[in-house]
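Biologist: I have a structure open on my screen and would like to learn how to read it. Could you take me through a few features, one at a time?

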Amino acid sequence: MTETTGGPGFVTERGSFRAAHVANQNVERQAFVLDQMAARPAVRTLKAWALDQLAPAPGETAVDVGSGTGEDVLAFTAYGARAIGVEPSPGLRAEAVRRAAGAPVEYVEGQAEALPFEDASVDVLRSERVLQHVDHPAVAVAEMARVLRPGGRIALIDTDWGTAIIHPADPDVLQRMFGYFRGETANPYSGRRLRGLLAEAGLEITGETAATWIEPQEGATTGFVGMMHTTAARAGVITDAEAEAFTQTLRDTAERGAFHMSLTMYAVSARKP
Ligand SMILES: C[S@@+](CC[C@H](N)C(=O)[O-])C[C@H]1O[C@@H](n2cnc3c(N)ncnc32)[C@H](O)[C@@H]1O
């Protein structure tokens, strides 16, 4: 397990995605997890929707805040935009540079709450699954609005952990586990807040959509669901016996093809008046 400092955050073998924890990350593991997430149909759908809404023009400055391994920065280059990723993790920036393989992209150190750009200097901005890791999302979105030029476009994508369903499971055990994970997440209900954050930053909403990630049967024993009982038991919110019953139930259910896990993600686009 990776030990973390600097506030709550998912404490797992990959470390946390919070900016305060960049020194304690397992970058290889994080890149693996991000690749797995990026392959989900719901994530593909929302990434494509956001790009469509943003429609970068050749020569425009297009920024991805919290750019991770850089896939969405590279996508901007296909439009001939000046593509920039802002990313606090040195390890993920290095991985993004490696994956860019010489493509015309820039990766800069920075955080959503203090973007390294002049006022009104950015044409297009996106940020995906980042605000859930941010303590003060209103500060971050106001900062995004500051750097956008009048007429500039923005798209935000995020998960809402209040929409997570796992079936079958003991409701009381599940509630304690979800309660623990939500408590460890800076902004667990980020998805439902996106529209309000953009509107309150003075931006005009231009579109909104959602996509639900439905986990395949093998997800009952792998990935987030496969490790959540161990993490919750280690944190003391469920007993070892409850953890064992939880994972055994899911394993048996998946063998019958009857496991269900889903999580809804939201995307909202806006323009600066
Ligand atoms: C779940 S990952 C998503 C990465 C990428 N946006 C994607 O769609 O694959 C969250 C990213 O946000 C970054 N991050 C965390 N806190 C941040 C902050 N305060 N400002 C900017 N990025 C942040 C993390 O380092 C990580 O790259």
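Modeller: Gladly! A nonpolar core is a set of buried nonpolar residues joined through C-beta atoms within 7 Å. Keep in mind that this is a predicted model.

Biologist: What is the general idea behind such a core?

Modeller: In soluble globular proteins, nonpolar side chains tend to be buried together. Here, the largest nonpolar core has 68 residues, and V65, L125, M144, I154, L156, L198 and A267 touch the most other members. Strand β8, residues 260–271, gives this core its largest share, seven residues.

Biologist: Which residues is L125 in contact with, leaving aside its neighbours within four places in sequence?

Modeller: L125 contacts V63, V65, M144, L148 and I154.

Biologist: And how should I read the backbone?

Modeller: Most residues other than glycine have a negative phi, and most peptide bonds are trans. In this model, A101 has a positive phi, near 45 degrees, and A120 has one near 50 degrees.

Biologist: Where are A101 and A120 placed?

Modeller: A101 lies in the loop between α4 (90–100) and β3 (105–108). The loop between β3 and β4 (122–128) holds A120.

Biologist: Is A101 buried or exposed?

Modeller: A101 is exposed, because 7 other C-beta atoms lie within 10 Å, and the cut-off for exposed is 12 or fewer. A120 has 15 such neighbours inside 10 Å, so it counts as partly exposed.

Biologist: Which residues does a cis peptide bond join?

Modeller: H167 and P168, with omega about 0 degrees. P168 sits in the loop between β6 (165–167) and α6 (171–184).

Methods
Residues numbered from 1 in each chain as written. Predicted model: local features only at pLDDT ≥ 70, side-chain atom pairs only at ≥ 80, totals over all residues. Buried ≥ 20, exposed ≤ 12 C-beta atoms within 10 Å, placed from the backbone. Helix = DSSP H or I, 4+ residues; strand = E, 2+ residues; numbered from the N terminus. Contact = placed C-beta atoms within 7 Å.
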